[in-house]
Amino acid sequence: MHTEVDLFADGACLGNPGPGGWGNLLRVRTSAGLQEKESSGSEPDTTNNRMELMAVIQGLESLTRPCAVRLVCDSQYVLKGLTEWLPGWKRKGWKKADGHPVMNADLWKRLDEAAKPHRIKAEWVKGHAGHPENERVDRLANTAAHAVKA
């Protein structure tokens, strides 16, 4: 039986490109109850989409065994890429339908690898709309972005 994990993830960028940060919250259901772990990080010169991807990648890479993951984030880019676009990009050698290279292919490849051991159910939430965990990871991402800017 797979361990059930909720992964809440968000990215932020001060300017696009500019200093960026990512944040995530892993919530694991165990026989002892819920366990939570927050993570965040930053890059001095990046984009919002890269930080959105990093939030998910870092969360998945921190899991030590295959899990049933409910991925909750406000990025249509990440969710559509993961659930719709990725198979076609891989078939086309990391090219989009128009023949141009996939942007952020380095991170998409890393996300693809990180996702392989897990059963992932993706769920979109509207950003900045009061969703408690989304607001929490948004604060983590923004704090990280501001820290790298300082």
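Colleague: Does Arg-70 count as buried, partly exposed or exposed?

Modeller: This is a predicted model in which local features need pLDDT of at least 70 and side-chain atom pairs count only at pLDDT 80 or more, while totals for chains, interfaces and linings use all residues. Residues are numbered from 1 along each chain as its sequence is written, and side-chain values use heavy atoms, with hydrogens and water left out. Buried means under 20% relative accessible area and exposed over 50%, with partly exposed in between (1.4 Å probe, protein chains only). At 27% relative accessibility, Arg-70 is therefore partly exposed.

Colleague: Which residue forms a salt bridge with Arg-70 at 3.0 Å?

Modeller: A salt bridge is a side-chain nitrogen of Lys or Arg within 4 Å of a carboxyl oxygen of Asp or Glu. The closest N and O atoms of the pair are 3.0 Å apart, and the partner of Arg-70 is Glu-123.

Colleague: How many residues apart in sequence are the parts that Glu-123 and Arg-70 tie together?

Modeller: Strands are DSSP runs (E, at least two residues), numbered from the N terminus. Glu-123 lies in strand β5 (residues 119-124) and Arg-70 in strand β4 (residues 67-73), so the separation of the parts in sequence is 53 residues.

Colleague: Which residues are linked with Arg-70 in a network of salt bridges?

Modeller: The structure holds 13 salt bridges. One of them joins Glu-4 to Arg-29, with the closest N and O atoms 3.2 Å apart. The network that holds Arg-70 also links Glu-4, Asp-6, Arg-29, Lys-121 and Glu-123.

Note on methods
Helices (H or I, at least four residues) and strands (E, at least two) are DSSP runs, numbered from the N terminus.
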